[in-house]
Amino acid sequence: MDYAVGDKVRILPEPPSEELSQDIWVCWVAEMDFYCGMEATIQSVNSDYNDRTYYHLDIDDGQFAWCSECFTDVTPAVDPELDDAEFFALLTV
């Protein structure tokens with residue numbers, strides 16, 4: 001899944017298993033374990049030389065590169081000008 005700047009994501013609830021780590025192409029290091037289960041906001045979207053997308057997050061001050069397989073879900077960025085009906089409509093998409 002592709003994410004955009006401002007999207008809210010939740011990092012995997014625990015470090016990736018050996019099986020799941022085959023799908024995670026960024027280098028997962030022990031320091032990333034601290035962020036497991038936390039919600040974060042995408043700060044930047046980048047691509048590597050193989051055109052694979054990676055993300056920098058607000059909670060680690062952009063220290064680590066994260067790929068979409070590191071996340072369990074996403075919540076679209078919400079426009080603060082939305083009224084309640086428009087906000088709840090976004091949640092049901």
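Tutor: Let's start with Asp 48, which is buried, with a relative accessible area of 17%. Keep in mind that this is a predicted model.

Student: OK, and why does 17% count as buried for Asp 48?
Tutor: The cut-off for buried is under 20% relative accessible area, so Asp 48 at 17% falls on the buried side.

Student: Which residue does Asp 48 form a salt bridge with?
Tutor: Its partner is Arg 52, and the closest N and O atoms of the two are 2.9 Å apart. Arg 52 itself is partly exposed, at 31% relative accessibility.

Student: What lets two side chains pair up like that?
Tutor: Side chains of opposite charge can pair when their charged atoms come close.

Student: How many salt bridges are there in the whole structure?
Tutor: A search of the whole structure turns up two. Besides the bridge between Arg 52 and Asp 48, there's one where the side chains of Arg 10 and Glu 39 meet, at 3.4 Å from N to O.

Student: Where do Arg 10 and Glu 39 sit in the chain?
Tutor: Arg 10 is in strand β1 and Glu 39 is in strand β2. They're 29 residues apart, so the pair links distant parts of the chain.

Student: Let's zoom out a bit. How many helices and strands does the protein chain have?
Tutor: Two helices and four strands. Going along the sequence, the pattern reads β-α-β-β-β-α.

Student: How do β1 and β2 run relative to each other, parallel or antiparallel?
Tutor: Antiparallel, with three bridges joining them. As an example of residues facing each other, Lys 8 stands opposite Thr 41 in β2.

Student: Which residues of β1 are on the covered face, and which on the uncovered one?
Tutor: Val 9 and Ile 11 make up the covered face, while Lys 8 and Arg 10 are on the uncovered face.

Student: What about β2 and β3, how many bridges join them?
Tutor: Five bridges, and these strands also run antiparallel. β2 covers residues 39-47 and β3 covers residues 53-57. Ile 42 stands opposite Leu 57 in β3.

Student: How many residues are between the strands in that hairpin of β2 and β3?
Tutor: Five. Asp 51 is the one to look at in that loop: its phi is positive, about 65 degrees, although it is not a glycine. Asp 51 also counts as exposed, at 62% relative accessibility.

Student: Where is Asp 61, then, and what's its phi?
Tutor: Asp 61 is in the loop between β3 and β4. Its phi is near 55 degrees, again a positive value in a residue other than glycine. Asp 61 is exposed, with a relative accessible area of 72%.

Student: Switching to Asp 7: is it buried or exposed?
Tutor: Buried, yet it has no salt bridge. The nearest side chain of opposite charge is Lys 8, and that's 9.7 Å away.

Student: Last topic, rings. How many aromatic pairs are there?
Tutor: The count comes to eight. Take Tyr 35 and Phe 64: their ring centres are 6.2 Å apart and their planes sit at 65 degrees, so the pair is edge-to-face. Tyr 35 is in the loop between α1 and β2, and Phe 64 is in the loop between β3 and β4.

Student: Are Tyr 35 and Phe 64 buried or exposed?
Tutor: Both are buried. Phe 64 also pairs with Trp 66, with ring centres 6.2 Å apart and planes at 85 degrees, so that pair is edge-to-face as well. Trp 66 is buried, with a relative accessible area of 0%.

Student: Which residues do the ring pairs link into a cluster?
Tutor: Trp 28, Phe 34, Tyr 35, Phe 64 and Trp 66.

Notes
Residues numbered from 1 in each chain as written. Predicted model: local features only at pLDDT ≥ 70, side-chain atom pairs only at ≥ 80, totals over all residues. Heavy atoms only, no water. Buried < 20%, exposed > 50% of the residue type's maximum accessible area, 1.4 Å probe, protein only. Lys, Arg positive; Asp, Glu negative; His and termini not counted. Salt bridge = Lys/Arg side-chain N within 4 Å of Asp/Glu carboxyl O. Pairing = 2+ DSSP bridges. Phe/Tyr/Trp six-rings, centres within 6.5 Å; stacked < 30°, edge-to-face > 60°.
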